Amino acid sequence: MIVLRTYIAGLPEALVESARIDGAGDIRIFWQIIFPLCKPVLATVALFVAVGSWNSWFDTHLYNASKTELHSLQYLLKMKLATANQSANAANASVEALTSSAASKTTPVTIRCAITVVSTVPILVVYPFLQKYFVTGMVLGSVKG
């Protein structure tokens with residue numbers, strides 16, 4: 001809310017004044033002048049919320065740990081990493097298990113790297129579509145002099 005409020009407060013007052021002179025009411029000023037100019041800040045807030053929600057594995061751990069049908073991808077990846085760490089520790093305890101098991105070829109480091117790729121790809125796919133709204137100077141040409 002602070003980001004939105006600060007952006008709206010930074011918009012030129014001349015836009016609102018000119019709309020009032022033309023006879024526009026408060027609702028019309030908001031929906032036809034202020035709201036379209038807020039696309040960059042709305043895209044920024046949307047990206048913040050999306051990244052925060054995408055990375056919230058701990059919320060699932062707290063609230064839905066007993067419900068297997070409600071796990072998020074981040075929670076499943078975190079549990080997979082924990083399982084890989086446990087199996088690596090067990091394999092390190094015995095030299096025979098380390099040389100004979102097929103699971104020893106996947107180390108916790110490789111699983112951590114795979115998890116990093118899996119968890120960043122969706123954000124990397126969404127970001128280019130929101131990037132056009134991050135361009136500054138959207139209001140620059142709207143008020144002269």
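Colleague: Is Arg20 buried, partly exposed or exposed?

Modeller: The model is predicted, so local features need pLDDT of at least 70 and side-chain atom pairs count only at pLDDT 80 or more, while totals for chains, interfaces and linings use all residues. Residues are numbered from 1 along each chain as its sequence is written, and side-chain values use heavy atoms, with hydrogens and water left out. Buried means under 20% relative accessible area, exposed over 50%, and partly exposed in between (1.4 Å probe, protein chains only). Because its relative accessibility is 47%, Arg20 counts as partly exposed.

Colleague: Which residue does the side chain of Arg20 meet in a salt bridge?

Modeller: A salt bridge is a side-chain nitrogen of Lys or Arg within 4 Å of a carboxyl oxygen of Asp or Glu. A search of the whole structure finds one. At 2.6 Å, N to O, the side-chain partner of Arg20 is Asp26.

Colleague: Is Asp26 buried or exposed?

Modeller: Asp26 lies in helix α3; helices (H or I, at least four residues) and strands (E, at least two) are DSSP runs, numbered from the N terminus. The C-alpha atoms of Asp26 and Val16, ten residues apart along the chain, are separated by 9.0 Å. With a relative accessible area of 51%, Asp26 is therefore exposed.

Colleague: At what angle do the axes of α2 and α3 cross?

Modeller: Contact means heavy atoms within 4.5 Å, and Leu15, Val16, Ala19 and Arg20 in α2 meet Asp26, Ile29, Ile33, Ile34 and Leu37 in α3. Axes are lines fitted to C-alpha atoms, for helices over the stretch in contact, with angles from 0 to 180 degrees between N-to-C directions. The axes of α2 (residues 13-21) and α3 come within 10 Å, and their crossing angle is roughly 145°.

Colleague: Which helix gives the largest share of the nonpolar patch?

Modeller: Patches are made of residues with over 30% relative accessible area and no salt bridge; like charges are joined within 9 Å, and nonpolar side chains (Val, Leu, Ile, Met, Phe, Trp, Tyr) within 5 Å. The nonpolar patch on the surface consists of Ile8, Ile27, Phe30, Trp31, Phe35 and Leu42, with about 560 Å² of accessible area together. Accessible areas come from the Shrake-Rupley method with a 1.4 Å probe, and for residues only the protein chains shown count as cover. Four residues of the patch, the largest share, come from helix α3 (residues 26-37).

Colleague: Is Pro40 buried or exposed?

Modeller: Pro40 has its place in helix α4, and its C-alpha atom is separated by 9.4 Å from that of Tyr7, 33 residues apart along the chain. Leu42 is also placed in helix α4 (residues 39-54), and Leu42 is partly exposed at 33% relative accessible area. Pro40 has a relative accessible area of 9%, so Pro40 is buried.

Colleague: What share of the accessible surface of the chain belongs to carbon and sulfur atoms?

Modeller: The chain has eight helices and zero strands, and 20% of its 145 residues count as buried. Of the contacts with a separation of 6 or more, 59% are accounted for by residues 24 or more positions apart. The accessible surface of the chain comes to about 10,500 Å², and the share belonging to carbon and sulfur atoms is 66%.
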